[in-house]
Amino acid sequence: MISLLALLLCSRASDARQRTDQELPEKYRKSPYALMSLSVGLPNAGWQLRAKKLSASPQLWIQDKSRPYTYGHPSLVLMLHRTAKQIARQSPGSVLLVGDLSREYGGPLSGHKSHQSGRDADVGFFVTDAKGRPQNARRLLTFDAAGRARDGSGLRFDDYRNWLLVQLWLKDHRAQLEHVFVASHLRRRLLDFARARPAFRRYVDAAAQFLRQPTNGLPHDDHFHVRIACPERQQELCADTPRARKSKPRSSTEKVAVDEAGAARRRP
Ligand SMILES: [Zn+2]
């Protein structure tokens, strides 16, 4: 495992180099891998092959400057489309704002430490106007602990839709969530919001494990950074950072299932 990783990491390309199957260990050049989308190496030192491109839809808007960098593993891309549709169903007119995913073949991406292996996506916060009416932002906005946009626009952090989004990611059974990075003051806000509402309370423990502010890097007070786990059957090819391995929560599906079972048992 270590030598395989060393081989993969040593072959790390500079920026936008095209990748081929010939750079993979022999096992991964054959069926069934030869047709698969592959996430190779670490999120902060990796690359990808046969990635899926995220496209805009009526429920999903891609930030202008991110458009060349919206390639990811299909699990991630499809999860973003699913959750965008679900939010729009629950709160009609909602449009999910998406920033960078990865380059077509992954590798270093300016402005990010990770986003290299097709497992990371930046997602803008849902916002309301000062009267609490939902609005669709077209750019990432920074919010303070009181939920006010720091740009003086009067926009507010939309606790309801931002919580819904986190809850949908947690409950998504097809993609496997690994982490959602968000600033501590907004994490607290979301958990407090959900804890105060019976319909959401049962997901708070699960969400608390997946939401965190990264200790190195930006605080993430202007977007969620969602990362999915290594895809199935690619665990030797794909790798987690040592920190992620150490602090890894149980898989989201398993965690939420356990929490839901617990909640069901507690019901009168
Ligand atoms: Zn990010």
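Residues 24 or more positions apart make up 71% of the contacts in the protein chain with a separation of 6 or more; two residues are in contact if their C-beta atoms, placed from the backbone, lie within 7 Å. This is a predicted model, in which local features need pLDDT of at least 70 and side-chain atom pairs count only at pLDDT 80 or more, while totals for chains, interfaces and linings use all residues. Residues are numbered from 1 along each chain as its sequence is written. The protein chain has 8 helices and 13 strands; helices (H or I, at least four residues) and strands (E, at least two) are DSSP runs, numbered from the N terminus.

**Burial and the nonpolar core**

- Of the 268 residues in the protein chain, 41% are buried. A residue is buried if 20 or more other C-beta atoms lie within 10 Å of its own, exposed if 12 or fewer, and partly exposed in between, with C-beta atoms placed from the backbone.
- The largest nonpolar core contains 62 residues. Such a core is a set of buried Ala, Val, Leu, Ile, Met, Phe, Trp, Tyr and Cys residues joined through C-beta atoms within 7 Å.
- Leu80, Leu96, Val98, Val166 and Val180 have the most contacts inside that core.
- Leaving aside neighbours within four places in sequence, Leu80 is in contact with Leu54, Leu60, Leu96, Val98 and Ala121.

- Beyond four places in sequence, tryptophan 163 is in contact with Leu190, Phe193, Ala194 and Phe200.
- Not counting residues up to four places away in sequence, leucine 164 touches Ile87 and Gln90. From leucine 164 to leucine 190 is 26 residues in sequence and 9.8 Å in space, C-alpha to C-alpha.

**How H3 meets H4**

- The axes of H3 and helix H4 (residues 184-195) come within 10 Å and cross at roughly 90°. Axes are lines fitted to C-alpha atoms, for helices over the stretch in contact, and angles run from 0 to 180 degrees between N-to-C directions.
- From H3, Asp159, Asn162, Trp163 and Val166 make the contact, and from H4, Arg189, Leu190, Phe193 and Ala194.
- By class, this contact has 5 nonpolar, 1 polar and 2 charged residues. Here Ala, Val, Leu, Ile, Met, Phe, Trp, Tyr, Cys and Pro count as nonpolar, Asp, Glu, Lys and Arg as charged, and the others, Gly among them, as polar.

**Strand pairing**

- Strand S11 (residues 177-181) is largely enclosed by the rest of the structure, because 5 of its 5 residues are buried.
- S11 runs antiparallel to strand S13 (residues 224-228), joined by 4 bridges; two strands pair if DSSP finds at least two bridges between them. Histidine 179 has arginine 227 as its bridge partner in S13.
- With strand S12 (residues 211-212), S11 pairs in the parallel sense over 2 bridges. There, the bridge partner of phenylalanine 181 is arginine 212.
- Elsewhere, an open sheet of 3 strands has the order S9-S8-S10 with antiparallel pairing. Its edge strands, S9 (134-135) and S10 (156-157), each pair on one side only.
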